[in-house]
Amino acid sequence: MYKSENEFRKAKVANGKALKISRELAVVNKQTYLPYVATTLNNLAGLYSAKNDFKKSGAAYKEALKIYRELAALNPQTYLPNLAAVLNNLAVLYNGKSEFPKAEAAYEEALKIRKELADVNPKAHLPDVAMTTVNMSVFYLESIPNKEKSLALVKETIQATLPFLEILPAAANYTQTARQVVKDWGLDVELFFNEVASELNKQELPLNSTS
């Protein structure tokens, strides 16, 4: 709430208190409370990042990442989505710091996890795939220019968002960003999207898996 109201100082204080309590509880009952530690660290990292405190943000993300790796090793179904989310956040942070190889590696691992999750449950995880693919399409446009990779990721974004355009606002946002990427590459946006839609019409969208 404080973050949404741009009350960053109050937000950091509240997160700090929550983190202290979660750490104390995790000492007594690691299985139950360690996930709360990781979640609070991820939230705190986002606050630091919003204030351009990249050092503290990176430290919090990395600690959250370490915890989620441990949790996902024991319970992948529950914690792999969290692991992928932190990897995506960390990639954004690395990109902002111009640490492009680290950003690329984090994006690639996040996308791999999210695609594997979407293969099992597309309704739940395809929007997350789209989040990472569109982020990567911008990354390969601006940070490490690679037209082929960037446009391939735009196509993946279109495929992942298409089933959700009418029901999920984020899907429309991802699509709009994808359109801008195509435009920035100097291509005809409508022609590109029509060609991708035509290709997809020949395929069965993967939404019939068990959810």
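Tutor: Let us begin with a definition: a residue is buried when its relative accessible area is under 20% and exposed when it is over 50%, and partly exposed in between. The model under discussion is predicted. At 29% relative accessibility, Glu63 is therefore classed as partly exposed. Glu63 makes a salt bridge with Arg23, with 2.7 Å between the closest N and O atoms. Glu63 belongs to helix 3 (residues 54-74) and Arg23 to helix 1, so this pair ties together parts that lie 40 residues apart in sequence. Arg23 is likewise partly exposed, its relative accessibility being 34%.

Helix 1 (residues 8-28) also holds both Glu24 and Lys20, which are 4 residues apart, about one turn of the helix. These two residues form a salt bridge, and their closest N and O atoms are 2.7 Å apart. Glu24 is partly exposed, with a relative accessible area of 45%, whereas Lys20, at 51%, is exposed.

A further salt bridge joins Glu156 to Lys115, again with 2.7 Å between the closest N and O atoms. Glu156 is in helix 7 (residues 147-161) and Lys115 is in helix 5 (residues 100-120), so the pair ties together parts 41 residues apart in sequence. Glu156 is partly exposed at 26% relative accessibility, and Lys115 is partly exposed at 32%.

Finally, Lys97, Glu99 and Lys102 are linked in a network of salt bridges. The count of salt bridges in the model comes to 10.

How values were computed: Residues are numbered from 1 along each chain as its sequence is written. This is a predicted model: local features need pLDDT of at least 70, side-chain atom pairs count only at pLDDT 80 or more; totals for chains, interfaces and linings use all residues. Side-chain values use heavy atoms; hydrogens and water are left out. A salt bridge is a side-chain nitrogen of Lys or Arg within 4 Å of a carboxyl oxygen of Asp or Glu. Helices (H or I, at least four residues) and strands (E, at least two) are DSSP runs, numbered from the N terminus. Buried means under 20% relative accessible area, exposed over 50%, partly exposed in between (1.4 Å probe, protein chains only).
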